Amino acid sequence: MEKNVLSTDLSGKVAVVTGAGGVLCSRFSKVLARAGAAVALLDLDLDAAQAVADEITAEGGRAVAIRCNVLDRAECDTSAAAVLGALGRCDILVNGAGGNNPAATTDGEYYEPDADTKTFFDLDPKKVGFVFDLNFLGTLIPTQAFAQQMVDREGCCILNVASMNAYRPLTKIPAYSGAKAAVKNFTEWLAVHFSRAGIRVNAVAPGFFSTKQNAALLWNDDGTPTARTGKILAATPMGRFGKPEELDGALLFLVDNDAAGFITGVTLPVDGGFNAYSGV
């Protein structure tokens, strides 16, 4: 079994991960399981979540996969009841479900009135709303369902997934940028709201990671970097993309009550220095 980068012991804890069939959150699920937690993997794509759960159990961990639409309160409540029955009360909630949609993305970085491209004026309001809802309400609604199992218990925490967009908007993706800024703000709001109920609330803000999901934006068909990749790496002082395993330490640190018991309301960038760099 692969070892975690930190000696975090989550034995006896129940962790719930939304978006668990995705690239980053599937890894989060495995890392939590390797630290000893029993993990419930929630995803709209049950097959994807089940595949990860099977990997965890093959390694000797304990995991269940549950289909869940994070935008449906009734489904989230049903999932919370299923987790309670299968594993026990939720101690750790990782809100990882999210994403973008091409219909909520402009073709260019700047508005060009005569260009035959999709501009700001062509964005589909329904798709913009969907992207915002998926990222923001997709964090709020599962929290409503699972935080009820955490109230007034020691060592419970929530970890949201923000983004570099939370600090400053990236070009072309206004809906996703706005939604991730909302997630960061909501993390701070929740941290205060639950501060006297024994629940810590933090977030991790990944910088730029090259995965299958964003490969088309970062690499040409022949394997050469796109112009956007050039801009990203030029604005990242470490000069490279992050690796999924480089989020392990932030995840384990923030969910470990022994290591981070007095930390709440924080959004931790894991970005190779991108957020700190002014460009000059």
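Two strands pair if DSSP finds at least two bridges between them. Helices (H or I, at least four residues) and strands (E, at least two) are DSSP runs, numbered from the N terminus. In this structure, 7 strands form an open sheet with parallel pairing, in the order β3-β2-β1-β4-β5-β6-β7. The model is a predicted one, in which local features need pLDDT of at least 70 and side-chain atom pairs count only at pLDDT 80 or more, while totals for chains, interfaces and linings use all residues. Residues are numbered from 1 along each chain as its sequence is written, and side-chain values use heavy atoms, with hydrogens and water left out.

**The sheet**

- The edge strands are β3 (63-67) and β7 (267-270), each of which pairs on one side only.
- From one strand to the next, the twist averages 20°; axes are lines fitted to C-alpha atoms, for helices over the stretch in contact, and angles run from 0 to 180 degrees between N-to-C directions.
- Strand β1 (residues 14-18) and strand β4 (residues 92-95) run parallel and are joined by 3 bridges.
- Val17 stands opposite Val94 in β4.

**Helices on the sheet**

- Helix α3 packs on the sheet and touches β1, β2 (38-43) and β3, where contact means heavy atoms within 4.5 Å.
- The direction of α3 makes about 160° with that of β3.
- Helix α4 lies across β1, β2, β4 and β5 (156-161), and runs at about 165° to β4.

**α3 against α4**

- The axes of α3 (residues 73-86) and α4 (residues 125-146) come within 8 Å and cross at roughly 40°.
- That angle makes α3 oblique to α4; angles under 35 degrees count as roughly parallel, over 145 as roughly antiparallel, 65 to 115 as roughly perpendicular and the rest as oblique.
- α3 passes α4 in a right-handed crossing; a crossing is left-handed if the near helix is turned anticlockwise from the far one by less than a right angle, and right-handed if clockwise.
- On the α3 side, the contact uses Arg73, Cys76, Asp77, Ser79, Ala80 and Val83, which meet Ile141, Pro142, Gln144, Ala145 and Phe146 in α4.
- These residues divide into 7 nonpolar, 2 polar and 2 charged; Ala, Val, Leu, Ile, Met, Phe, Trp, Tyr, Cys and Pro count as nonpolar, Asp, Glu, Lys and Arg as charged, and the others, Gly among them, as polar.

**α4 against α5**

- The axes of α4 and α5 (residues 174-193) come within 8 Å and cross at roughly 20°.
- That makes α4 roughly parallel to α5, and the crossing is right-handed.
- The α4 residues in this contact include Val128, Phe132 and Leu140, and those of α5 include Tyr176, Val183 and Phe186.
- By class, the contact of α4 with α5 has 12 nonpolar, 4 polar and 1 charged residues.

**α1 against α2**

- The axes of α1 (residues 23-34) and α2 (residues 46-58) come within 10 Å and cross at roughly 25°.
- That makes α1 roughly parallel to α2, and their crossing is right-handed.
- Ser26, Ser29, Lys30 and Ala33 of α1 make the contact with Val52, Glu55 and Ile56 of α2.
- The contact of α1 with α2 has 3 nonpolar, 2 polar and 2 charged residues.

**Aromatic pairs**

- The whole structure holds 7 aromatic pairs; rings of Phe, Tyr and Trp (its six-membered ring) pair if their centres lie within 6.5 Å, and planes under 30 degrees apart count as stacked, over 60 as edge-to-face and the rest as tilted.
- The ring centres of Phe208 and Phe274 are 5.0 Å apart and the planes are at 65°, so the pair is edge-to-face.
- Phe208 is in the loop between β6 (199-206) and α6 (215-218), and Phe274 is in the segment after β7, so this pair links distant parts of the chain, 66 residues apart.
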